[in-house]
Each structure stands twice: as C-alpha cells, then as structure tokens.
Amino acid sequence: MRAFHNTVLRFAACIAMMLLASFVPAAALAQEKTSALMTPELLEKVRRANNECFACHSEEGVKKPPRADLDITKLRPLAHDPKVFNGSNHGLMECTQCHGQGYTEFPHAADARESISACEECHAAKVLRIEKQLDASVHATRVKDKFTCSTCHDPHVDLIASTLIDPRKIVAQDNQHCLDCHDSELEFAKFAPDDEQTSTKKKRPDIDKIHEWLPNTRVHWQAVRCVECHTPATKTLSHEIVNKEKAERQCLTCHSASSSLTTRLYRHLAKEEQERLGFANSVILASSYVLGATRHPWLDRLIVGAFAAMLLGLLIHGLARIVARIVRRKKNHG
Amino acid sequence: MAEREYLISPWIRIWHWTNAALILVLGTTGISLHFADPNLPFVEFSLAVRVHNIAGVTLAAAYAFFVIANIVTGNWWQFVPKPPGIVPRLVAQARWYAFGIFRGDPHPHSPTKDEHFNVLQALTYWSVMYLLMPLIILSGLIYLYPQFAPDKMFGFDGLLPIAMLHYLSAAAVLLFMLSHIYLGTTGKTVGAMFKMMFTGWHEH
C-alpha cells in the first residue's frame with residue numbers, strides 16, 4: 001500500500017516538475033544576460049567593496065554597529081537589504097559608482113549628497129526619451145515638488161520588468177511605486193498641490209473609491225498595473241501618466257480575445273505564447289485567468305456545437321410531433 | 001379519479017419561477033461575459049458583471065432555500081425513483097418520447113400526489129439539483145471571491161480549473177434548460193404543464 005502511495009506521489013511530483021520546468025528557462029536566461037559580462041573574481045571584488053557600506057547600512061549593521069560613535073536613530077532608516085540590492089538592476093555595481101568620494105570615509109562628507117550620480121550620467125539616452133514623457137505627464141504640471149526618476153524608482157531595489165518576467169512580481173513592484181503616494185496621506189501631502197478654493201492642501205482621494213466602477217478592485221491591483229490604464233499604448237512602456245479623462249475604462253481592452261494585456265504587462269512573455277493546451281493568450285494563464293481573454297477556442301466551438309445539436313434535435317422532434325398529429329387527425333376523420 | 005388534482009405547493013412554484021428567471025438572467029449575462037468581444041457588443045461588460053454577480057448570489061440563496069424546504073417538507077422524496085421496476089419504467093418513458101408520442105399513445109406516467117415525476121424526470125432533476133447546481137454555485141462563489149481559489153495548479157493560475165468548472169456546468173445547466181422547456185410542451189396539451197407550474201393544479 002505504502003509503495004503504491006509513494007509511486008503515485010513520485011509520479012505527481014514528476015508531472016509537477018515538468019510543468020514548472022516550462023517556466024524556468026525565461027527567468028534563468030535573463031539572469032545570464034547581465035552576469036555574462038561579470039567574472040567571478042570581479043563579482044567577488046564588488047561584493048567585498050559593498051560589504052564595507054553594508055557593515056553599517058543593513059539590519060545587521062543597525063543591530064551591531066562596527067563603531068560606537070554612530071547615531072543609530074539616523075542610521076536605522078538608511079538600512080538596505082544586501083539580498084535585495086544584489087538582485088536589483090544595479091546589483092552588480094559598487095555603491096561608490098553612484099556614491100562618489102564623500103561616502104567612502106565615515107563620517108561622510110557634509111556635501112556628499114550633492115555628488116550622488118544622477119541617472120543621466122549613465123543612462124543619457126533613456127533619460128532623454130523618458131524626460132519628454134514625464135514632462136507631459138500629470139505629475140509634471142500639478143504636483144508641488146518636482147518628480148525625479150528616484151521619486152518612483154529606487155535604484156537599490158527595482159528590477160526591470162523584462163528581467164522580472166513574472167507578471168505578479170512586476171505588478172507588485174510597479175504598483176507599489178504609485179501606491180506609496182496614492183495610498184499614503186503622509187507621502188501624498190508632501191507632493192499635493194493647494195486646493196484652489198480652500199487654499200489648504202488637496203486631500204488624497206481614496207484609491208479604491210475612485211475606481212469603484214471597477215469590480216473586484218483589489219483583485220485588479222494584484223493582477224494589472226496602474227500604468228496599464230494610465231499611460232497611452234506605445235511600443236515600449238510610456239512614462240506619460242495621463243489624467244483621469246484619458247485613462248482607460250473600457251473593460252474589453254483587457255477582457256477579450258484580443259486583450260491588450262499581451263502587448264503591455266505580458267509583452268516580455270508574449271514571445272513565448274505557445275497556446276498551451278489550446279488556450280488563447282495562454283501566457284496570461286500562468287498568473288491569471290482573465291474573463292473573456294483566456295478562453296479555449298476549441299472548447300467553445302464544441303459547446304456551441306452541443307447547443308446547436310440540442311436545438312436542432314428539439315426542433316426536429318417538435319416538427320415530427322406536429323406532422324404526426326396532422327396525419328393522425330386526417331386518419332381519424334378519413 | 002378526480003378531474004383535477006392539486007399537486008404543486010406554492011413554495012415550489014415560487015422557487016421554480018424564481019430559479020427559472022435567475023437562470024435566464026445568468027445565462028444571458030454569462031454568455032455575454034464569456035464571449036466578450038468589442039465587435040459583438042451584447043450586454044455591456046461591467047453591467048453584465050454586476051448583474052451576473054447579484055443574480056448569482058440570489059441563485060445561491062434560492063438554492064439554499066430549496067434544499068432546506070425540501071428537507072423540512074419531505075419533498076426530497078419526490079426525487080428518489082421508487083422500486084420496483086425502475087429500469088423498465090425508465091425504458092418505457094424513453095420509448096414514449098422516441099416513438100409513442102408520435103403515435104398519440106397515452107403518457108406512461110401520470111403525476112400523483114406521491115409521485116410527481118416519472119423515473120426519467122426524477123433521475124434528471126436529482127442530478128441537476130444535487131450534482132450540477134452545487135457545482136455551479138460553489139465554483140461561482142469562488143469565482144466571485146478569487147482569493148479563495150487555489151494559488152497555482154499545474155503551472156496555471158488556480159482560478160483556471162474553477163472557471164472551467166463554472167463554464168462547463170453552466171453549459172450543462174443551459175442545455176438542460178432547453179430540453180426542460182421543450183419537454184414542458186409534452187403534456188396533455190402544449191400548455192398544460194406550464195399552467196400546472198403556475199396554478200399548482202394538474203388536469204388528469
């Protein structure tokens with residue numbers, strides 16, 4: 001009995017592994033692309049250099065500071081997680097590549113903050129493209145404090161969507177940037193403009209209330225990004241956040257066979273569309289079942305066929321009854 | 001034997017027509033949602049979602065009422081085919097639909113107080129009410145609160161099996177409904193059985 005039980009379990013595990021394996025290569029490949037330039041020796045050097053900063057700037061460092069003269073209350077909010085940093089876009093870089101001379105010594109130089117490299121120092125072309133979109137965006141015209149790249153992007157944490165791949169993780173990361181403000185009184189107030197009539201700070205509209213027309217609101221927050229509806233559809237993700245009049249409210253944009261999800265959130269996976277088990281938009285199915293989008297064309301045809309057969313059968317039966325009755329009535333009269 | 005017999009109590013009739021109306025609404029909105037397509041607008045998507053959710057929860061409530069009322073009144077016994085001779089009566093009923101009805105043969109079964117249903121009806125209704133309905137209602141309720149769906153299954157989202165179950169059981173219910181409406185016309189006259197389901201009186 002036990003042997004049989006084990007066999008069944010092993011068989012089930014085997015199938016599960018096979019199914020899982022079909023997802024792994026994409027993520028593994030992306031990892032290789034960045035690490036290809038990196039030799040193990042070089043990586044070792046980077047990690048060692050960064051550990052000097054992490055000696056203070058981590059949970060460990062806050063608990064067991066390497067020096068007695070540190071202001072722990074100031075250090076605590078500056079703790080970073082080495083694991084998260086190592087897995088981020090900039091995880092293969094040394095801290096000092098962005099944090100220049102002033103930070104290598106402690107106490108840090110008084111004006112060290114000014115010398116933190118701006119994004120455009122290394123990403124000139126990207127910044128040029130993105131800044132134009134940001135300038136056209138609602139945040140450029142209305143908010144009080146200027147939006148910079150790091151208002152949304154944490155260079156120590158973020159991982160770009162094309163590397164993250166898993167849509168649930170992309171959604172969690174990208175929505176967090178927006179919700180940090182739009183779901184927090186404190187953060188929102190820092191940027192909120194003054195209300196024209198009352199000349200007090202504009203109150204933060206409740207994010208769930210604004211989107212009340214969207215059923216299963218919380219389910220959507222976990223399955224799609226704010227930017228899916230709040231940016232114009234372009235070849236690559238646009239940074240232009242449009243106002244509420246221009247935001248997407250057509251359900252069928254996502255909930256139909258020609259779902260825009262495959263060209264937006266799932267664009268990095270869409271190349272791998274294999275119509276698994278015959279489903280349309282089957283890349284979505286690994287993380288969501290989306291009403292109207294992830295249907296099965298053959299099953300649908302089968303079911304429509306069953307209804308046609310049923311209707312035809314009933315129609316024939318009914319007609320036969322009418323004919324039979326006419327025949328019977330003629331016979332009785334004749 | 002009486003000309004007319006009072007067979008169907010008010011609660012059954014009220015439940016039956018409530019159920020029928022809800023299934024029509026759920027079928028219409030459900031089809032519209034499943035086949036959502038910008039080129040064939042049927043019921044507007046978000047309206048369909050709202051109507052479908054409300055009707056679905058009402059159907060679940062109506063079903064709970066049906067089950068409880070069946071236990072309390074003992075009406076559940078009607079759904080159990082009674083021996084002896086279940087199989088021969090089943091065959092006789094099927095033969096009547098296939099041949100006898102065209103020859104004008106009399107019904108093999110006449111509803112009585114103790115036996116509303118012929119064997120075929122009892123078996124079909126039992127399966128629909130106690131197998132299909134729980135399936136469609138349960139999958140529907142999970143669909144309404146996807147957080148209760150399994151997280152992942154075989155590398156697919158856990159909502160997929162729930163949604164499939166819901167879709168297939170819905171198709172089965174609607175196929176049943178078509179045949180049920182049609183077989184409703186096979187009474188003494190075309191309208192006789194519909195009339196009975198409104199008035200409660202069966203005309204012998």
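This is a predicted model: local features need pLDDT of at least 70, side-chain atom pairs count only at pLDDT 80 or more; totals for chains, interfaces and linings use all residues.
Residues are numbered from 1 along each chain as its sequence is written, and chains are lettered from A in the order in which they are written. Local features need pLDDT of at least 70 and side-chain atom pairs count only at pLDDT 80 or more, while totals for chains, interfaces and linings use all residues; side-chain values use heavy atoms, without hydrogens and water.

**Cysteines**

A disulfide is taken as a pair of cysteine sulfur atoms within 2.5 Å. A:Cys122 is in no disulfide, and the nearest cysteine sulfur, that of A:Cys98, lies 6.1 Å away. A:Cys122 is exposed, with a relative accessible area of 58% (exposed means over 50%, with a 1.4 Å probe and protein chains only). For A:Cys226, the closest cysteine sulfur belongs to A:Cys178, at 3.8 Å, which is too far for a bond.

**Cavities**

A cavity is a set of points, on a 1 Å grid over the protein atoms alone, where a 1.4 Å probe fits but cannot get out; lining residues have an atom within 4 Å of a point. The whole structure holds two cavities of 30 Å³ or more.

| Cavity | Volume |
|---|---|
| Largest cavity | about 50 Å³ |
| Second largest cavity | about 40 Å³ |

The largest cavity is lined by residues including B:Gln78, B:Arg89, B:His116 and B:Phe117. Its lining comprises five nonpolar, three polar and three charged residues. Among the residues lining the second largest cavity are A:Thr231, A:Leu237, A:Arg264 and A:Arg267; this lining has three nonpolar, four polar and two charged residues. Here Ala, Val, Leu, Ile, Met, Phe, Trp, Tyr, Cys and Pro count as nonpolar, Asp, Glu, Lys and Arg as charged, and the others as polar.

Conventions: Buried means under 20% relative accessible area, exposed over 50%, partly exposed in between (1.4 Å probe, protein chains only). On a 1 Å grid over the protein atoms alone, a cavity is a set of points where a 1.4 Å probe fits but cannot get out, and a pocket is an open set with protein on both sides within 12 Å along at least five of seven lines; lining residues have an atom within 4 Å of a point. Grid points are joined across faces, edges and corners, and a volume is the space filled by probe spheres set on the points.
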